[in-house]
Amino acid sequence: MNNQLLIKKKLQASLENILTKSNGSPITDLQIDKTLAEEIEQLTTELESVNPNLNPLLYGTSLLEGAWQLQYSTAREIRSLVSLPLGLKLGKVYQVIDVANKLFFNLAQVKHSLGLVSGYVKVTASFEPAKEDLEPPSNKRINVYFDKRYLSIEKIVGINTPQLNPFKVVPANNPNNRTATLDITYLDETLRIGRGGDGSLFILSKCNDFPDFTSLA
């Protein structure tokens with residue numbers, strides 16, 4: 001087994017240990033022991049150093065395409081989602097990428113702990129290669145422009161509620177005075193690692209059973 005696969009196996013084993021009780025929802029660094037968070041960061045850094053696709057925006061677009069499930073993150077927005085009010089619990093979080101049209105959406109499933117309500121929050125966005133990153137060898141940074149935020153209730157006490165899907169559509173928030181960026185620091189057929197402009201970490205796995213939600217629009 002080569003070094004890349006060995007490090008990847010160790011990282012996935014660490015993630016699987018903390019995801020077993022999460023019901024598919026992503027874990028953040030604030031939910032686990034500091035030592036374990038440091039171990040995940042170290043393994044992630046080691047895996048990034050042996051990235052087999054150093055130019056994902058040039059030569060890895062077929063790998064980027066499709067649905068990804070978020071497993072672990074240190075991002076502020078994900079930390080806030082895992083502590084929702086009113087008995088709501090975060091479920092699985094997905095990112096679906098349409099490379100040809102330079103679009104993606106993030107989708108977070110939400111369910112009440114007693115099963116009273118279930119739904120999701122979806123944020124649509126467009127992206128482009130960062131202007132300062134158009135030439136090899138890096139070519140891994142994208143500029144992100146968030147578009148709309150959809151709030152949807154799919155079911156209330158088990159009854160479908162298409163009239164509430166979505167019940168609210170509002171403009172999505174973009175950072176003030178700067179463009180949101182994401183560096184794709186590791187990419188293969190089943191795993192993707194990204195770093196936000198603020199240094200936040202995102203680890204995602206390729207998803208082959210994405211639910212039949214609405215389109216990118």
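Biologist: Hi! Which residues lie nearest the centre of the second largest pocket?

Modeller: Asn23, Lys89, Leu90, Gly91 and Lys111, out of 18 lining residues. A pocket here is an open set of points on a 1 Å grid over the protein atoms alone, where a 1.4 Å probe fits, with protein on both sides within 12 Å along at least five of seven lines; lining residues have an atom within 4 Å of a point. This is a predicted model: local features need pLDDT of at least 70, side-chain atom pairs count only at pLDDT 80 or more, and totals for chains, interfaces and linings use all residues. Residues are numbered from 1 along each chain as its sequence is written, and side-chain values use heavy atoms, without hydrogens and water.

Biologist: Thanks! What volume does that pocket have?

Modeller: About 400 Å³, taken as the space filled by probe spheres set on the points, which are joined across faces, edges and corners.

Biologist: And which strand gives the largest share of its lining?

Modeller: S4, with four residues. Strands (E, at least two residues) and helices (H or I, at least four) are DSSP runs, numbered from the N terminus.

Biologist: Now the largest pocket: how much space lies in it?

Modeller: About 1,200 Å³. Its lining has 41 residues, and Glu77, Ile78, Asn106, Phe146 and Phe202 lie nearest the centre.
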